[in-house]
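I opened my notebook to look up a few things about a protein, going from the whole chain down to one residue. Come along and check each entry against the picture.

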Amino acid sequence: MSLISVIVPVYKAERYLDECIQSVLSQTHSDFELILVDDGSPDKSGEICDRYAKEDLRIKVIHTENGGVCRARNTGLDASGGEYYMFLDSDDMISKYALEVLFKDITENNADVAIGTVDSVDFPTELPEGNPDFVWTETQALEKSIEDNSYTYSSCAKLYKRETFKDVRFEEGRKIHEDSYYVFCCFLKKPVVTARDYYIYRYRNNLDSASHASFSDKYFDILYFAQQKKSIIDSDFPKLSQKANNILVKASLAMLHALCNTKNKEHNKCVKECIKTVIKYRKDFIPAYIGDSKWFRIVRFHMYGLFRILYRIKYSDRVK
C-alpha cells in the first residue's frame, strides 16, 4: 500500500466533525495520514481535532488564522506527504471502502485521478466488482469538465496522484466554484482519469445552500472562474474553444439564479449581460441534467423576468 493524505479544512464544524473524522479512521485502506486544518474556527472544532491527534499518530492538526477554504486546502497540501491525496469537507463523510476503491482504480489503471460518486444516502455495504465505468485519456477529462459532467463538479470524492499535480493549487480569496476550477486545472495536464459509479462520498445537504441564500458579491466568482476557464481553453486548446462556450452559458445561468435573491438595482446590468451571453451562445449549450434544460429555456425564451418575480414572492423572507 501507499500513503494517502486525506486533507480536511475545518471551520465551524463541531456538530459534524466527529462523524467526519471517524469515517476516515474506519478506512479499510489503513496506510493514510489525516491532515486537519483548523481554519481559525471560533467553535470547539480545534479542540476536537487536537483530541483525536492525541489518540492517533496518523492525524496531524494545523491551526491557522481564518483564511477561507482555499487557503486551508493549500495549507493541507503543503503539509501532507502522501504519494496520493484526497479532499474531504468537515461536515461530510466517506465510505469505509473509499480509499481502497480509489487506490485500486488509480494504481491498476496507471491513472492520475480516480473518481467515485457523491450522494446523501446510506453507503453500500460491499466492495464494487469489475473495472471503472470510464477511463479518460488526453483531453477527454477536460472535455467532460467543459460539458459539466457530474464527475467533474467537486474536488472531493477524488484521489489524486501527487507527482502529476504537485504545482496545482486552489486560488485563494475565492468562495464559490473554486473547487471545480481546481479540478479543471488538474485536467489541463491531460491526465489519465478513472470514474466509477460507486458511492464513496456522503454530502451533507445544507439548508443554507446557495440556491436559497441571500445574494452577496461572492457570487461573482461564478463568472470569474468561467471566464478564466474560457480564456485558457481559447489560448491552449483552440479546438475546444466553441465547446467551451458552454462554460459561459452555464455560469450565466447560475448567476441569474443567484440574482433572483437580490433587489439591488445595481446588479441589473449583470442580469442583462448574463441573458445576452445565454442567447449568444445558445447553440453551444450542453444540458447536463433535466433541470439544466428547464432553466435554460426560461432564460432563452425571455421568461426570466416573470420567474424572478415569482421567485421573490415565494422566498420573500430571503430576498434582500
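I began with charge: the mean positions of the 46 positive and 48 negative charges of the protein lie 9 Å apart. Here Lys and Arg count as positive and Asp and Glu as negative, with His and the chain ends not counted. Each charge is placed at NZ of Lys, CZ of Arg, CG of Asp or CD of Glu.

I noted that this is a predicted model, where local features need pLDDT of at least 70 and side-chain atom pairs pLDDT 80 or more, while totals for chains, interfaces and linings use all residues. Residues are numbered from 1 along each chain as its sequence is written, and side-chain values use heavy atoms, without hydrogens or water.

Next I looked up the folding elements and found 12 helices and 9 strands. These are DSSP runs numbered from the N terminus: helices are H or I with at least four residues, strands E with at least two.

Then I turned to E126, which sits in the loop between β6 (113-119) and β7 (134-136). Is E126 buried or exposed? E126 has a relative accessible area of 59%, so I wrote down exposed.

Leaving aside neighbours within four places in sequence, E126 is in contact (heavy atoms within 4.5 Å) with Y97 and Y198. I found E126 and Y97 to be 29 residues apart in sequence and 8.4 Å apart in space, C-alpha to C-alpha.

Methods
Buried means under 20% relative accessible area, exposed over 50%, partly exposed in between (1.4 Å probe, protein chains only).
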